[in-house]
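Dear colleague,

I am handing over the structure that you will find just below, together with my notes on it. Please keep it open while you read, so that you can look up each place as it is named.

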Amino acid sequence: MARDLMAHEVTRREFLAGAGALVVSFSLAGSLLSQGGAAAAGTPGAAPALPADLAATPTLDSWLKIDSAGNVTVYSGKVDLGQGIGIAFEQIVADELDVSLAQITNLVQGDTALTPNEGYTAGSLSIAQGGMALRYAAATARQYLVGLAAKEFGVDPGQLTVADGVVRAPDGRSVTYGQLIGGHRFNLTVTSPPPLKDPSEYRYVGKPEPRLEIPGIMTGGSPVYIQNLRLPGMLHGRVLRPPSPGAQLLSLDTSRAAKMPGVVKVVRNGSFVGVVAETEWAAIQAVEALRSAAVWGQTNRFVPADQIDTYLRTTAHSDIRELDTGTALPALAKAAVRVKADYSVPYIAHASIGPSCAIAQLHNGNQWTIWSHTQGVYPDQQALSYLLGVPASNIRVIHMEGAGCYGHNGADDVNADAALLAAAVPGRPVRVQWMRADEFQWEPYGSAMSFRLEGGLDASGNLVAWNHDVWTATYSTRPGPPGWLLAGWYLAQPQLPGPAANVGGDRNAVPYYNLANARVYCHYIERSPLRVSAHRTLGAFRNIFAIESFMDELAAAAKADPVAFRLRYLNDPRATAVIQAVTKAAGWNPGPRPSGRGQGFAFTRYENAGAYVATVAEVEVDRATGQVAVRHIYTSVDVGQIINPNGLANQAEGGAIQATSWTLKEQVTWGAQAIESVDWVTYPILTFPEVPEVTVLPIDNPTLPPVGFGEAACVPIGAAIANAVFDATGARVRRLPLTPERVRAALSQA
Amino acid sequence: MAISFHLNGRPVSTDADPATPLLYVLRDEFQLNGPRFGCGLGQCGCCTVHVGDEAVRSCSVPVAGVAGQAVTTLEGLGTPEHPSVLQQAFIDEQAAQCGYCTNGMIMQAAAFLKQNPHPTEQEIRQALANNLCRCGTHLRFIRAIRRAAAQGVS
């Protein structure tokens, strides 16, 4: 296999050269800030421009290859992170290229030697960016192949039909794609949008095609995960992380660990310590021996957990104007009724069920191969280039799926660990998997946030003023730029990051409602006390928790039904449609109900430009204990064109359940010096008996551009549950998670 | 001294240190993909295997503890071509997002269905109360287990 890949690599590198050159100009802001552009380009039938990823890598051969048997290989820079995106890509390509799904025999996702550079797989943009690039590439390929056939047959291309990769002329002559192009390059640069099919002609798009990797997952019959990748001569590594952030290694006696059976090498570089061993268990035991032999100087002093809200608000920050009509404060001053509320959310961990894992191999002195479940093979290639001091072109990063990824977790950092250990055993692949406590203590979290909202109502209960402040740390410290890999911070010559860009805390900070007099500011603190980065939805889940809780408080002050109150400030038919669908299915009825039971509503349009989602949560609250049970979540969704309804439902169910877990249970805890969330007891998540029923109500709009849903699914859940608790009890809880203690405290004030 | 046991119906032996958790022997020596490291603490269930008819956390059992016993892993239930009824039910329900935890879900449920072939949904939820899923695929797992139970799997 490796030999084939190397031969393949040489030819593919030529046409990926253009993509490679983009690495330098790719910034972390690129994929996180871009929104909507590619989606707009994906409008079937009305294509104003190429999708951005295809425009950046316009060589058709970078995306598709057809062999002489007509088998299609698809190359995507967007990777599978547990969302099952692969089948959606194949459906898109099969339909636009006019082949059967079975003729797509290979899908290569995320490999710096083989695939286009599509930055990070993040932001629910895989369909809107990666899928649309493939749609346009496949349409271009079809057009070209039909043109070849037309020339061969001496007929007009418009007279030809295609099915299952066979082009047919009216007189019965036919030729296959394999005969037309098999094994050869297209040698085509895509410069303008090709005509796309009418959605009514799609054979696969819109159908719940099953994921091809699932039988292997359910039987163990194929490795699937990087954790299961076993390479010839592979060794196992583990890293001894410090007892607290920033700790320096004062002394270390390695003699005992070095002599343990199976230990190949103990590696130390400054305060970075690791071990390489013949077996995984030997590596784990050796790290424990090193732990007891290490003396650390610890200087870290965390902000006390109960002061984090004040810290976010009072420490130095940059103030970003998100929206300011200039009239909000005067309108507030004149309002008949003023409502004011403060909300806050904690640090939330990604907490992947399988700890991060990577394999690194150094060959020929300065060539590297890294197998990784990173979200971005190209940004990681760049980051590792800085870390290892070799040109990026010497490093090949190959993606392989890991456990579910919900943002910037330990995936990139474990690549660095594996590479630093592999450098000590040239030629041998070294596999490193983090231990459970490593993952919890060292992954970057979603930042804690704090909110103050003020609203004004006129004498008729109309919302006439909105004043809104958000305090947060950045939501991106992704590698790519130098200094953002954990291991680098502890080297004898540390590689430390520069200032973080202010990213993502403002996601969905601006309400989607029509507000004549509004002021919204996002205040980013300059340095986060806990390590933070991209976490599913970035600030959107938190912002919508605050905004949609506050809309309920305003509706209550206006003595209006919460749904009817919101509809006054929406004039978008797609928004109205999801709201009507969910309230109808859930039997929305804010009237009197049995004590302790409640319904809550929340709405959002993700990034104010993507998926529409409206949610009703049904809860039961035990007034004596303060325990909240979420019984049912109804969620209606409009993502435009639905590529795979099963994939959409899966994201909707999963997003609802994970966000219910955030809402009821989750917060990273810490002491004076160290993170105290270290396992599933100290960081509990939702369990089977607590999981709500989820009803998903999709609205298909086949002629509208498809957008992602993995993040949007989560966004309204927190507010819907908090609003349901208020409906059930009259108690308003403004701080997540909704622990029994907080609910009891709110009940005592209700 | 070699430790012998039956693995997926075949006699095997290992020279591993007797204190080595069974998980690492299954993965590193016998190259199995099903049981996976999740926490090493017996909290999540990703590493679940059967010893006899009982579901156990292979990260927390020393390999010496299974000497002479029958160990079954996910691979022992079926293959991609011939999955067990329960595995087929998980495939039919597309019961995965990342799928990393599904080994534990299937192995726990397979042992449970032997004891309780026709469980209620509440009984299924209780049986899996100590198996964690982070992606939020719980409802699909429940549907798959109910589907298998309806077909009389044991």
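S126(A) lies in helix α6 of chain A, which covers residues 126–153; helices here are DSSP runs of H or I with at least four residues, strands are runs of E with at least two, and both are numbered from the N terminus. Please bear in mind that this is a predicted model, in which local features need pLDDT of at least 70 and side-chain atom pairs count only at pLDDT 80 or more, while totals for chains, interfaces and linings use all residues. Residues are numbered from 1 along each chain as its sequence is written, chains are lettered from A and ligands numbered from 1 in the order in which they are written, and side-chain values use heavy atoms, with hydrogens and water left out.

With a relative accessible area of 8%, S126(A) is buried, a word that means under 20% relative accessible area, whereas exposed means over 50% and partly exposed lies in between (1.4 Å probe, protein chains only). Leaving aside neighbours within four places in sequence, S126(A) is in contact with K78(A), Q83(A), I85(A), F89(A), T121(A) and G131(A), where contact means heavy atoms within 4.5 Å. The C-alpha atoms of S126(A) and F709(A) are separated by 9.9 Å, although the two residues are 583 residues apart along the chain.

**A strand residue and a buried helix**

I525(A) belongs to strand β20 of chain A, residues 518–525, and it counts as buried because its relative accessibility is 3%. Its C-alpha atom is separated by 5.9 Å from that of A316(A), which is 209 residues apart from it along the chain. When residues up to four places away in sequence are not counted, I525(A) touches Y311(A), L312(A), T315(A), A316(A), H317(A), T472(A) and A473(A).

Helix α13 of chain A, residues 377–388, has twelve residues and reaches 16 Å from its first C-alpha to its last, close to the 16 Å expected at 1.5 Å a residue; the expected span is 1.5 Å times one less than the number of residues. Eleven of the twelve residues of α13(A) are buried, so this helix is largely enclosed by the rest of the structure. Among the buried ones are V377(A), Y378(A), P379(A) and L388(A). Just after α13(A), G389(A) takes a positive phi of about 70°.

**Backbone features in loops**

N364(A) has a phi near 55°, a positive value in a residue other than glycine, and it is found in the loop between β14 (357–363) and β15 (367–372) of chain A. N608(A), in the loop between β21 (597–605) and β22 (612–621) of chain A, likewise has a positive phi of about 55° although it is not a glycine. N364(A) is exposed, with a relative accessible area of 71%, whereas N608(A), at 25% relative accessibility, counts as partly exposed.

The peptide bond from L736(A) to P737(A) is cis, with omega near -5°, and P737(A) is placed in the loop between α20 (717–729) and α21 (740–749) of chain A.

**Where chain A meets chain B**

The contact takes 62 residues from chain A and 56 residues from chain B. About 4800 Å² is buried between chain A and chain B, and carbon and sulfur atoms give 56% of it; buried area is the accessible area (1.4 Å probe) that two parts lose on being put together, summed over both. M218(A), I353(A) and F688(A) supply 19% of the area that chain A buries against chain B, more than any other three residues.

Four salt bridges are found across the interface of chain A and chain B, each being a side-chain nitrogen of Lys or Arg within 4 Å of a carboxyl oxygen of Asp or Glu. The side chains of E653(A) and R143(B) meet in a salt bridge (3.3 Å, N to O).

E666(A), in the loop between α19 and β24 of chain A, is buried at 0% relative accessibility. Its side chain makes a polar contact with the side chain of R134(B) (2.6 Å); a polar contact is a pair of N or O atoms within 3.5 Å, where, within protein, one must be able to donate a hydrogen and the other to accept it, and residues adjacent in sequence count only if both atoms are side-chain atoms. Not counting residues up to four places away in sequence, E666(A) touches several residues, including P346(A), Y683(A), P737(A) and R134(B).

With best wishes
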